[in-house]
Structure formats: structure tokens, C-alpha cells
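This briefing is for a reader who is meeting the structure for the first time. Please look over the sequence and the structure before reading on.

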Amino acid sequence: MPAVHHKLLLEEALQDSPQTRSLLSVFEEDAGMLTTYTNQLLQSLQRVFGAQQSEMGLATEQLSKQLLEYEKKLNSLHSELANQMADSMVFPLIQFREKDLTEISTLKEIFGIATDEHEAAMVKYSRLPKKKENEKLKSDLVKEVAYTRRKQHQASLQYYCALNALQYRKRVAMLEPMLGYTQAQISFFKKGIELVSKKMDNFLSSVSNMTQRPSWTQEAETMRGSQRELLSVEDTVYMPDKDTEPVNRTLIQKAGYLNIRNKTGLVTTAWDRLYFFTQGGNLMCQPRGAVAGGMVLDLDNSSVMAVECEDRRYCFQITSPSGKTSMILQAESKREYEEWICTVNNISRQIYLTDNPEAVAIRLNQTAIQAVTPITSFEKRPEGSPNPDRAKPGGVHGAGSGSQKTGAAPEAEDLIAPGTPIQFDIMLPASEFQDQNRAGGRRTNPFGETDDDCSAESDDSLLQQVFAVRFLGSMAVRCGNNQEVIYEAMRQVLAARAIHNIFRTTESHLMVTSTLIRMRLMTSRVTQFQLGDVCQFAAHQENGRLMGFVVEGRDWSDGDEEGEPSFSAFVFESNTEGEKICYTISLAKDITEAKKDPEALAQLMKNMPLTNDGKFLLLEPETGDTINPDGQEDLESEA
């Protein structure tokens, strides 16, 4: 927005942004000051006219009686001067005040009423339920919002046109009374006309011509044409959630009204409709009437995801990198809702700092659409896809990996192949199914409720620790010896959930023993990973509740008897710190190594506290995070 405007832009009347309101307040303040000055000037001119008509007329009449033959001339001269003052000095200013300034005041009241009605309609529409909505009620509310928005648009256009016209009209309105007074005095002092130079006479003549043909009439006609053009749009422009344009997922800047959820008490909340916009890597908020906005949240490395809140539609949550600060916002329409999520996600990647952010956003969006398509199982890239060698999990560690630079931070494509699908429900790795098929035996129960062998193995375990976790997603990766691959998998899984609005997860038990990792869902379905196959594990560096691990398997698709190594990354969100789970896995691996040496195992058991049954005592029982086995409700991820 430029620093100075000479008129209000009619095209911005429908959006009704805080910037437009701020500029409108400047015009309203100018109109108020002009009204005050006009009243004072009119009072002074009326006093001059009253003095000329009464005091000066009576004094001249008394003087004319003494002059005898000059009586008629003096009376007619002063009567003509009084009439000229009334016609050319007082009357134009009275007409300007009653016609223009009164119209501004009336339109301001109409605009305020229309604005209040529109705000009330938007509050009703925002409270429209999502699941159990009444179609007739929704239709009525949409019509009410459209009607009040059109009414506000019409009132704002008329108000803006009147304020713009006032900027041109006031130039003449303030000058015309002074010009009439001057002309009346010149006409009165005919005998002293030689004292007035021709230059002054020409100046007064040119000014008089300007008042007869004001240039603002053409501008007013242009504004009326713009007003008719802006009002000729379809009704869908005024209806919420009736967007016809496609969603733009490559935005790096966004502005518009959003509802923000604020806590007003321990259990009560309130929603405020405010104007939000992005500036660089910050989310800004500008209340209506404020001159400038203030920073609300730093969006760099933040996370955004769709949420369900108080049965309201189009809600999403933005969380700071530390996870300590978050806010829930509600958009007006589905298009605005999706564009805000994509914009915040693009800014969190710091795309705006690149030389060509628009091109980078378009390229990343095309890659993200291919990479985050949700499926229920791993799929292989078609043979005709580009870079088939790079698409193969673990292919970067093959014979061609010797040319890879050492010492430099790995690129995202070196960790995870572009276009790798993501699965959002936990399933056994393909290698485990193939192992079972090769063995020809039935699948054993990993918890050992009915199998004696598994029960014996469970009793022999030196470590058993259970954590409450939520599975977020898994995907094939290229390597298993680098923690960066876990961080990259976390980023892609969370981005996929945000883009596809997948925010519900199921809680499960994650049991870490000295031999394997087991995960049991509420549906009693069990997935297990051999501890020796877990080649890498790590917790998120900033969000401590996120953790993940990489499992190594075998791929026999090429016909090799031993199979090619393949790697899969699994991402979880825990109710406790992810570092505790990683510490437990690390200890389990130490126990596994110590079992090979009885002395080392004895030394390890001597240094670690044990329970009464001889198991390692690691952590206090998670009383607050224990899951109710009967509960089947899906919970909302806070990652």
C-alpha cells in the first residue's frame, strides 16, 4: 500500500481490509475537520453579512440623511453589496454544508449499520455446525451473508465515492465564498478599481472560470462508471465458500480475515475475527482500525495441520518449532482454508529467502503432490519412471555410492527417493511377510498369549518397557546409517498429513524388549520388529515428542537368493519424551551385545537397577499416559 493516497480505491471496498479501513479513517478525519472549519467559516461570513446588512445599512442610512443628494446612491450601493454577499459568499457555503457534508454524515451512518449487520451475519455463519448441519439453515445463512455483504459493498462504494468527491469539491467550496466576497468588494469600490492591477483581475477571472467548470465532475463520472462495473458481478462474489477459482498451493504470501480461538477462562473460549497477513517469515495480525499490524508468530520451521475444533469447519492449527506456542484459526471457505495451510507450509520451508521463491514453490509443490500421495502399502515406481536406480530403496548405497561426496550434509534426494509413497497405517514390512512365506510356517503371536515358545522367550527377556505412542507414517528410505534420514522422513510425513488433511491417529502400545520391538494396536493387531533389524533411531531435535527408527529388511524382487538390503523409516508421536524411547532401544541393544559375553552381562546388570523379577528398572510407570484397552476413539496428533 503506498504511503499516501489521494483517493479511496473502489476495488478494495469488497475486501474491507484494515489497510483500507485505516485509509478510510484518514478521509473521515479530514471530513470531520472540514465540517468544523466550514461551520466556523460560515459563522464568520454570516457575521460579516449581518454587519453589512444591519449595522452598516443603518449607519449608511443615517449618513445618507446628512448627505441629502447622495442618499439614494449610498442606500442602493450598500443594498447591492449586501445582496452580492448573500448570493456569492454566504449561500454557496450553506449549500456546500447542507448538501455535501450532510450527505457524508448520512452515508457514514448507513455504512456503519451495514458493517454491523455483515459482522453479525458472519458470526452466525462461522458457528454453523460441520457434522449435523441443517441444509435449510445453511442456505438461509449463506443468503443472509450474501445479502449483508452486498449491502455493505453498496454502502461502502457510495461512501467512498462521496469522500473522494469531497476531496475535489472542498477546493472550490472553500475558495468560492472568499471569491464572492472579493468580487462584491471590488464592485462596491468602483472608484478605487484603478488600485487593482490587471494581473489580479486576470487571476480572479481565471479562478471564476474554474469554479464554473470544475474538473472533479469528470472524475466523479468515472467513479460512477467504476461503481456500476463493480456492482455488476455475480452473487457468488458475496457468498462465502462459493469460490470458483482453483486452490493456489504455491503461495508465499497470504492475507485475509480469519477467526482466531482465544481462551477466556479455564474451559471457555471465544472466537475473534481479525485480519491476518504474512510478511517475510512472520504471521502478522492487524485489528480493524489499527494503522499497522503486529507479529503473532514466527513461521520459520513451524508446522501447520488441519484440526477439528468445537464442531467448526475449516479450522487449522499452527505450531511453533518448539511446540510451546500454537494457535487455532478458522478460514471462511475451503479454498481459503487450503491456501492458508499451503502458504504457511511454504513459508516454514523458508522459500521466501531464495532468489526466485515463486519458481521454488511451484517445483516443491509438484514434488510434494507426487511424494505424499497416501496409500495403504508400499508401491514400486513404474519401470518408465525417471531415475529408476535412485528410486530403489537403499540404491544410493550400492556400487555407485562411491562417487558420493564425503563430509558434506546429505541432500534430501540422497536420503529418500523423490516420489516415494507414504503409508499412514502400520503394516508389517514386506521382508517379514516374505520370511514367513519362506519358512512355510504360521505366524507366531508376538505377545505370546497362546504360544509356549514365545511365552518362554518373553519370560527370558531382561527388559520390557511399554510406551503410549501414535503411529504417524512410514516410508521407504535409501540408507539406514544416518539420523538425517529419520529427520527427513519426519518432515515429509508431517507435510503429507498437512496437505491431505490427515490429522487423526490411533494410540497403541510400543513395547521395547531386549530382543525386539512390538507395537500393539487397539484392534489387538500386533506388529513386531527384531531389534537386530533396527539400524537407526532418533528423536526430533526440536519437537521432543516425535521419534522414529529405521528397520532393515531384504528385497527379493530381483531374484537374488540373499536379497538386496532395503530400509523403511517409521515415525511416531509419543505421550512422553522421544528421548526416553530412544534410550530404552539403546539399552536393549546393549543388553543384546552383552548376552554374548556373560561377564559383560553380569557387569551391566550390576550397574543397572533391577525389579524384583530380575528385569531392568528403567522408568517410573506411565500412570498418566496409560491407554485404556477398551477405548477405540481416534485421537488428534499434536505433532
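What follows covers side-chain contacts, grouped by topic.

The model is predicted. A search of the whole structure finds 22 salt bridges, and the structure also holds 12 aromatic pairs.

**Salt bridges between separate parts of the chain**

- Glu 117 and Lys 151 form a salt bridge, with 3.0 Å between the closest N and O atoms. The pair links distant parts of the chain, since Glu 117 belongs to helix α2 (residues 71–126) and Lys 151 to helix α3 (residues 135–188), 34 residues apart.
- Glu 117 has a relative accessible area of 31% and is therefore partly exposed. Lys 151, at 29%, is partly exposed as well.
- Arg 261 forms a salt bridge with Glu 310, and their closest N and O atoms are 3.1 Å apart. Arg 261 is in strand β1 (residues 255–263), while Glu 310 is in the loop between β5 (303–309) and β6 (312–319), so the contact ties together parts that are 49 residues apart in sequence.
- Arg 261 is partly exposed, with a relative accessible area of 28%. Glu 310 counts as partly exposed because its relative accessibility is 41%.

**A salt bridge within one helix**

- In the salt bridge of Arg 335 with Glu 339, the closest N and O atoms lie 3.5 Å apart. The two residues are separated by about one helical turn because they are four residues apart in helix α6 (residues 334–348).
- Arg 335 and Glu 339 are both buried.

**A salt-bridge network and a charge over a ring**

- One network, made by salt bridges that share partners, joins Asp 16, Arg 21, Glu 119, Arg 149, Arg 273, Arg 288 and Glu 332.
- Arg 273, one of the residues in this network, also has its charged end over the ring of Tyr 257, 4.5 Å from the ring's centre.

- Phe 549 and Phe 572 make a stacked aromatic pair, with 5.5 Å centre to centre and 25 degrees between the planes. Phe 549 lies in strand β16 (residues 546–555) and Phe 572 in strand β17 (residues 564–574), so this pair ties together parts that are 23 residues apart in sequence.
- Phe 549 has a relative accessible area of 0% and is therefore buried. Phe 572 is also buried, with a value of 0%.
- Ring pairs link Phe 549 and Phe 572 into a cluster with Phe 471, Phe 529 and Phe 570.

Key
Residues are numbered from 1 along each chain as its sequence is written. This is a predicted model: local features need pLDDT of at least 70, side-chain atom pairs count only at pLDDT 80 or more; totals for chains, interfaces and linings use all residues. Side-chain values use heavy atoms; hydrogens and water are left out. A salt bridge is a side-chain nitrogen of Lys or Arg within 4 Å of a carboxyl oxygen of Asp or Glu. Buried means under 20% relative accessible area, exposed over 50%, partly exposed in between (1.4 Å probe, protein chains only). Rings of Phe, Tyr and Trp (its six-membered ring) pair if their centres lie within 6.5 Å; planes under 30 degrees apart count as stacked, over 60 as edge-to-face and the rest as tilted. A charge sits over a ring if NZ of Lys or CZ of Arg is within 6 Å of the ring centre and within 35 degrees of the ring normal.
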